[in-house]
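This report goes through a protein chain from its strands to its cores and its disulfides. Please keep the sequence and the model open alongside the text.

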Amino acid sequence: MRIRRPAIAAAIAVAVALPLLGAAPSQAAAGDAPEFRFVDCAAPAGGDGTVESPLNTLEQVNALELSAGDHVFFKRGSTCDGSLQPQGSGAAGNPVVIDAYGDADAEKPHIRGGGVEEAVLLHNQEYWELRNLQISNIDADPAQRYKHERRGVVIALEDFGQGDYYRVVGLDIHDVYGQGKKDLGGSGGIQLEVYANADESKRKKTWFNDVVIEDNSVENVNRSGINMSTAWKCRPENGWDGCPPADRQKLVWTPTTGLVIRGNTVKNVGGDGIVIQMNRDALVEYNTVSDVANRANGSNAGVWAWNADGTVFQYNEVFDVKRLPDNNDGNAFDADYGTTGTVFQYNYSHDNAGGMMLYCGCGGLSTKVTFRYNVSENDRNRLNFVAGGTENAFYNNTIIAPDAANFVINNTNGNGTSMLMANNLFIASKDVADQSQNNTGANAIQWRNNAFSGPVSGWPASSDSVTFADRLALAAGEGMDRFKIRDERLAGKGIPIAEPGTRDLFGNAVPSSCRPDIGAFQFSGAADDCGVRAATIVAGAEREVPVAALTTYRVTSATGAVSVVNPKNVTTVPGAAGGAVFPTTMDATTVKLTCAPGEDCTDVRMIVVQNLGIDPSFESASNSPWGNWNTNRATDHLISGAKALRINGLGSSEQRVISVLPNTDYTLRGWAASTDGRPVQVGLKNFDGNQTPGDPNQKQEFVSVTGAEMTQVSVPFNSGNSTVLNIYCYRPQAGGSGYCDDITLTSDVDQTRAALQPAATTAREGQNATFFASFVGVDRGNVSWQQDVGGTWTDVPGSVGPALTREAVALDADGARFRAVVHGTGGVVASEPATLTVAPALAAASVTTGPADLKVDEGADARFAVTFAGNPAPAVQWQRSVAVDSGERAADAGGWQDVEGATGAELMLTAVPADLDGVQYRAVVTNAFGAVVSDPATLSVSAAVTTPGGPGDGDTDGGAPGIGGTGGDSGSSAAGDDSTLAATGGTVSAVLIGFAVALLIGGTVLVRRRRATAVELE
C-alpha cells in the first residue's frame, strides 16, 4: 500500500509525453557541442560509437574522456559484462549523462558485474546523471557469494572538495551478494563514499552536494540497500565512533548537503534498507522498503539516520523488517546516535518484527527527535525501542496494535531517555504492556493527552488520557484513507506542541496554539487563535495563555513591560536585549502574562524562538548533552519541569552548541543559586577545556551568582568567527552546592534565514526538477514551497520538506520561479527565488511533412519543402532519383544521389528542363540518433508549347536547372524509407524498421508509424 505522491500540476499529459535524456545542456561555444555515443554489447564488432556503429564493450566506454553535455546510450535488451567506470565530469547545467535507447518493450540495458567490486563506479567526478540501467553483480561461483566486497553503484570522492550534482534515477539494481561489511568499502546497492588520503598533507575536506537518488529499484542485495559514509565524520556527538584521538581534529565532521532520496523501492536486503549518514538536512520521502535485515548482519533497521543533523523522513512505507537473533533492532525507523533535529512524519509502518521506531542514543547523542503524524499497523512485539535520547517528542500518531497479547508500547532500557508521548491514538483488541516507568532514574517519559481505545488492560497511567472500552473502527475507504478516524471524543483533546505551519498526515492544517485533535487526522478544523498576537494588556493586569511543550518563547510589547509567570510561580522579566525569554518542558500548560503597573502593554506578542541549547531544564537525568563533573539532577531549586542541575562542590556541566551563526548577537540566559555564597558561573566559551592565556582567538564570558535564591542572569555576546560554542554552569570552588536551571541561548533578533538557497535548475521536458533549501534560526521548522503565479507567490500543494520536486516538467513551465518558506520567529521567512529552465526533450530526427508531388511547365521554377523535428537539431540533405542501365527511375530501382548544396528545409529548382519529367526528390533528415528519409515527391514537367513563327523558336537546353535551398525545422514524428544513398555509399540508419520514433519517459510511449526510423530513445 504505497503512499501516493501528490498530483503535480507541472506533470505533462501522457498522450504528449516526449523522450527525456539527461539534463538540458547550456549553450555551448562553437565547436564545443556535446557528443552522443551509443553502446550495444550485442553488436558483433566495436564501432566508432555512432548509432549505426556502436561501441560494444565496457572497456571502450571506460576509455572515453567524457565532458560537459556528453551522453552515452546503452541499448535496451543488451548485456555488457564487467565494470562500468566512465571518465570525465560535466559542468553546471551540462552534466554527463548515461541512459538507455532502443525498443521500449525490451529490458533496460544490463551492466552485469559478475563478481567485480563495483558494477558502476564514478570516482572524483561531478555533474553526472545515471539513468535507466539494469545492474547486477553476482559471483558466478555460488561459493564466493557473500564473501567479498560487491557493490552495485558507487560514487566516491577523495580529497576533492565539494562534489556537485549527481542524479541516480530509474536504475534496477539486483543480485548484489556482498559481504556483511557496511559504510566505507561496504557492500550494497547504491553507495556514496568519501575517502581521505592516508598522507595528511594531501588531504582536502570533501563532501557531496546536490544529490538526488530517485525512482530506483534495489532488490536482492547484501549488505545495504542505499547507504553512504565518509572519513570526515569525527565529532563528540557521535561519541567519536570510529575516530581515534589522532583523527578527531583532522577528520572533522563534514556533512553532505542537498541530498534527496525519493520514490525508491528497496526489498530483500540482508542489512539496512536506507541509511542517512554524515548529512545535513537530507530529505527521504516516498520510498517503499520491505523484507530487509534478512541475513545475520548484526543490528539493522529499515530507514534511519546516524551522525546526521536535520534529516526529514516522510511519506515512506516500511514493512516486514526482520529481527534475527543477532539483531537488536528490526525497527522500521531509527534516530541513532550522533543525530539532532530529526523529523519523522507522514510515514506508514506495518508488520515489522522489531516495531515502528528506535531511539538510540546508545553510543553518542540523539537529540530533538520529532515523530509525528505517522501510522503503525500490526507492528509486532513492540512499538518503540527506547534506548537513549534527549528532548524527544512522539505525538499525534495513530497506532493499531497487533492482534496479540502483551504488545509493548515503549520497550525501554537504562541508557537514558527524556521523551514526551502526547496526542497519540492507540487502538488494541488484546492486552498491552508498557515500560515507560522502568529505569526512572535514567528515563523521563511523560504521557499526556493520549487516547486509548479497546477492551484491554495495560495502558500507561495518565490522568489526562482519553480512554474508552470500545475499539474504534477504521474509517471507510482503502489505503491510508482507512486512518481518517473521526470520533468526537478525540476532537480538540490534545495539547499544543506542533510548531506553526504543521500539517497532519492528510495535509490538513494543525493548530499550534490551540488544542489539536488526537491521532494522525486533524478532522475538527484548525482554529489557532489561542496565543497572543498584537494584544493589549492594561497596566497591572494579567492574561493566561496556553503554551506548547518543549518550546522556547519570547514575549515582547511595544509599550509597557510584560513579565511571564509560570505554573511554579516563577517570574521571568524582560531583558536588556528585549522581551522575556523562557523555555517550556514536557509538563507545560499555561503561563500568565503580567503587565507592570504604570503603562498599558500594547502590541503584546508571544512568539516561538530557537533555543540553540538542548534540554535547557535538565530533564534528562543521563545520556544528556550536558556534561557531568560532580553534578547530578535535583528536585529542588526548580524553575520549570521536574529537575534542576546541582553542582556538588567544585564541578560543572557543559554543553557543546554546534549551530551558532558567525557575527551574530546572542544572549545566554539562565537561573543559578549558591548555598554558601561562593560563585556559580553561567557562561560560554569558544574553546574546549581550559583557556590558553594570551590566545586572542579564545573567548569566554560569564556572570556569577552568589545568592541562595535562584536568580536569572543574562550574558550578551557576539559570536564573531565562532560557529561552535560551549555553554556551561560552573562552580569553581569546593564547599557547598550550586544550582542551575532553564538555560537558553537565543539570538537577539530574528535570525531565521535560508542557509542554503535554492539554485536555478535546468531539466529536460518530462524529467523531474528538484530544488533544495535549508534554514537556520528556527527549531523544527516546517519548510514548504511557493510558486510565482502571475506575480503572486502561491503555495505549491503538497509541498513540505527541504526539497521540492516538480515531476515530469513541461515546456510551458520554463521560466517558472519557486521559493522555500518557513515560519520564523517574526513570521513567514522566504528564501531567494530560483528559476526552472525546461529544455526540449532529446528526440530522434523525424519528418513531419514530406515534399508533395509537383507539376510545372518547362522553364518554370519548382519548389519542394519538408518540415522536420529532432533534438539535437537535425541536418537535411536533399536527394534526387537517378536512372539505371535499364532506364528505370530510383522509385523502381533504388538509385539516389545528393543534390549538391541542397541542405535546407526547401529545395528550389529554377527553370526546370523537360528531361526532369518523372524525376523524384526526397529529404534525408539526420541527427545523432540516426537518419530518416521523407517519402519521395515526383516532379512532372510539361513541355513548353512553341508558337509557330514566334521569336526564340528552337530546342530547349537539357542542362541541369538552378538549385537553391533554405533552412528551417518544425513539427514532430519520423517518416521515411530505409534506402541506399547511391552517391555517397552511405546507409540511412534504421534501428527499428516500421517505427518512426518510440519515445519512452516514465513508462509512457508515443509511437508514430512510418516506413523507417532512426532510433528509439528511453
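In which sense do strand 35 and strand 38 pair, and over how many bridges? They pair in the parallel sense, over four bridges. Two strands count as paired if DSSP finds at least two bridges between them. Helices (H or I, at least four residues) and strands (E, at least two) are DSSP runs, numbered from the N terminus.

The model is predicted: local features need pLDDT of at least 70 and side-chain atom pairs pLDDT 80 or more, whereas totals for chains, interfaces and linings use all residues. Residues are numbered from 1 along each chain as its sequence is written, and side-chain values use heavy atoms, with hydrogens and water left out.

**Overall composition**

The protein chain has two helices and 83 strands. Of its 1018 residues, 57% are buried; buried means under 20% relative accessible area, exposed over 50%, and partly exposed in between (1.4 Å probe, protein chains only). The chain exposes about 36,700 Å², of which carbon and sulfur atoms supply 48%. These areas come from the Shrake-Rupley method with a 1.4 Å probe; for residues, only the protein chains shown count as cover. Among contacts (heavy atoms within 4.5 Å) with a separation of 6 or more, 75% are between residues 24 or more positions apart.

**Strands**

Strand 35 covers residues 382-386, and five of its five residues are buried. Besides strand 38 (residues 407-412), strand 35 pairs with strand 31 (residues 357-360), again in the parallel sense, over three bridges. Tyr359 stands opposite Val386 of strand 35, while Asn384 has Asn410 in strand 38 as its bridge partner.

Elsewhere, four strands form an open sheet with antiparallel pairing, in the order 45-52-47-50. Strand 45 (535-537) and strand 50 (580-583) are at the edges and have a single partner strand each, so one side of each lacks a neighbour in the sheet. From one strand to the next the twist averages 30°. Two bridges join strand 45 to strand 52 (residues 601-609), and Ala535 has Val604 as its bridge partner in strand 52.

**Nonpolar cores**

A nonpolar core is a set of buried Ala, Val, Leu, Ile, Met, Phe, Trp, Tyr and Cys residues joined through side-chain atoms within 4.5 Å. The largest one has 87 residues, and Phe74 and Ile276 have the most contacts inside it. Not counting residues up to four places away in sequence, Ile276 touches residues including Met228, Leu259, Trp304, Trp306 and Phe313. In soluble globular proteins, nonpolar side chains tend to be buried together.

**Disulfides**

The structure holds six disulfides, a disulfide being a pair of cysteine sulfur atoms within 2.5 Å. Three of them are listed here.

| Pair | S to S | Torsion about S-S | Hand |
|---|---|---|---|
| Cys41 and Cys80 | 1.9 Å | about 100° | right-handed |
| Cys234 and Cys243 | 2.1 Å | -95° | left-handed |
| Cys729 and Cys740 | 1.7 Å | 65° | right-handed |

Cys729 lies in strand 59 (residues 725-731) and Cys740 in strand 60 (residues 737-747), 11 residues apart; both cysteines are buried. Cys41 and Cys80 are also buried. Cys234 counts as buried at a relative accessible area of 4%, and Cys243 at 3%. With the bonded cysteines numbered in sequence order, the pairing is 1-2, 3-4, 5-6, 7-8, 9-10, 11-12.

Key: Axes fitted to C-alpha atoms, helices over the stretch in contact; angles between N-to-C directions.
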